[in-house]
Amino acid sequence: MAETAITNNDAEHAQLTHFLTQQYLCESLTVAEVNTLLNYLTVLHFSTDAIISDVGDVGDELYFVVKGEVALVIPDGSIEYEVVRSGAGEMLGMMSFFDKRARSVRLVAKAADTQVLKLPRAMYKRMKVEHPYIAINIVEQAVLSMDHLFRAVSSDHAQFSHYLYGPGVKASAD
């Protein structure tokens, strides 16, 4: 993993500003506010199958996928069960970040040069005081990301149940 601060004078800053202005998270923010948001974030780069955050870690940061894919997986010995994959524009790590409990899934990069933005809890606390409008946008994005995750998992569960039990199959009364 490579972690870098975002500086106002590099090409990466310009690319991230452009990317964020296209996302729901920042659709109501001005370019100046997007630049302010970037001051609270760091960029992380991961190679394929790198662990971003592990089961049991207390979530002291939120992640926002910029490039690549991140899978939420449940490890079971030597096997990992993939719950869902998230791509560019998705926020991850919200539950543990907000409830301060241990993570129940592992976040794993699933593409070469997966790039995420990291918002540490300390920076989020500062942002709530210094720029509450931006912080509210982050909370709203977290709610939408949770909804997206819930709907994806619910759909997968419904499809699996349909496959497993078939239409019109009833449980026996034995």
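Trainee: Which residue is the bridge partner of Phe-46 in E9?
Mentor: Thr-114 is the partner of Phe-46 there. Keep in mind as we go that this is a predicted model.

Trainee: What makes E2 and E9 paired strands?
Mentor: Pairing calls for at least two bridges between two strands. Strand E2 (residues 42–46) and E9 have five bridges, in the antiparallel sense, so they count as paired under that rule.

Trainee: Which other strand is joined to E9, and by how many bridges?
Mentor: Strand E4 (residues 61–67) is joined to E9 by six bridges, and these two run antiparallel. Within E9, Val-116 stands opposite Val-65.

Trainee: Why is E9 called mostly covered?
Mentor: Strand E9 spans residues 114–120, and six of its seven residues are buried. Buried here means under 20% relative accessible area.

Trainee: What is the strand order in the open sheet, and which way do the strands pair?
Mentor: The order is E3-E8-E5-E6, with antiparallel pairing. Strand E3 (51–53) and strand E6 (79–86) each have a single partner strand, so they stand at the edges and one side of each lacks a neighbour in the sheet. On average, neighbouring strands of this sheet are turned by 40° against each other, direction ignored.

Trainee: How many bridges join E5 to E6?
Mentor: Seven bridges join strand E5 (residues 70–76) to E6, and the two run antiparallel. In one of these pairings, Val-70 has Ser-86 of E6 as its bridge partner.

Trainee: How do you know whether Ser-86 is buried or exposed?
Mentor: Its relative accessibility is 7%. The cut-off for buried is under 20%, so Ser-86 counts as buried. Leaving aside neighbours within four places in sequence, Ser-86 is in contact with Gly-68, Glu-69, Val-70, Leu-72 and Leu-92.

Trainee: Let's turn to the rings. Why is the pair of Phe-97 and Tyr-124 called edge-to-face?
Mentor: There are two tests. Ring centres must lie within 6.5 Å, and planes over 60 degrees apart count as edge-to-face. Phe-97 and Tyr-124 are 5.5 Å apart centre to centre, with 75° between the planes, so the pair passes both. The structure holds four aromatic pairs, and this is one of them.

Trainee: What does that pair tie together?
Mentor: Phe-97 lies in helix H3 (residues 94–99) and Tyr-124 in helix H4 (residues 121–130), so the pair ties together parts that are 27 residues apart in sequence. Both residues are buried: Phe-97 has a relative accessible area of 1%, and Tyr-124 has 7%. Together with Phe-98, they form one aromatic cluster.

Trainee: What makes you say that Arg-121 lies over the face of Phe-97?
Mentor: One part of the test is that CZ of Arg is within 6 Å of the ring centre; the other is that it is within 35 degrees of the ring normal. Arg-121 is at 4.7 Å from the ring centre of Phe-97 and lies over its face.

Trainee: How do you know that the buried residues of H4 share a side?
Mentor: Arg-121, Tyr-124 and Met-127 are buried in H4. They cover an arc of only 115° around the axis, which puts them on the same side. The face turned away from that buried side carries the exposed residues Ala-122 and Val-129.

How values were computed: Residues numbered from 1 in each chain as written. Predicted model: local features only at pLDDT ≥ 70, side-chain atom pairs only at ≥ 80, totals over all residues. Heavy atoms only, no water. Phe/Tyr/Trp six-rings, centres within 6.5 Å; stacked < 30°, edge-to-face > 60°. Helix = DSSP H or I, 4+ residues; strand = E, 2+ residues; numbered from the N terminus. Buried < 20%, exposed > 50% of the residue type's maximum accessible area, 1.4 Å probe, protein only. Axes fitted to C-alpha atoms, helices over the stretch in contact; angles between N-to-C directions. Contact = heavy atoms within 4.5 Å. Arc of directions from axis to C-beta.
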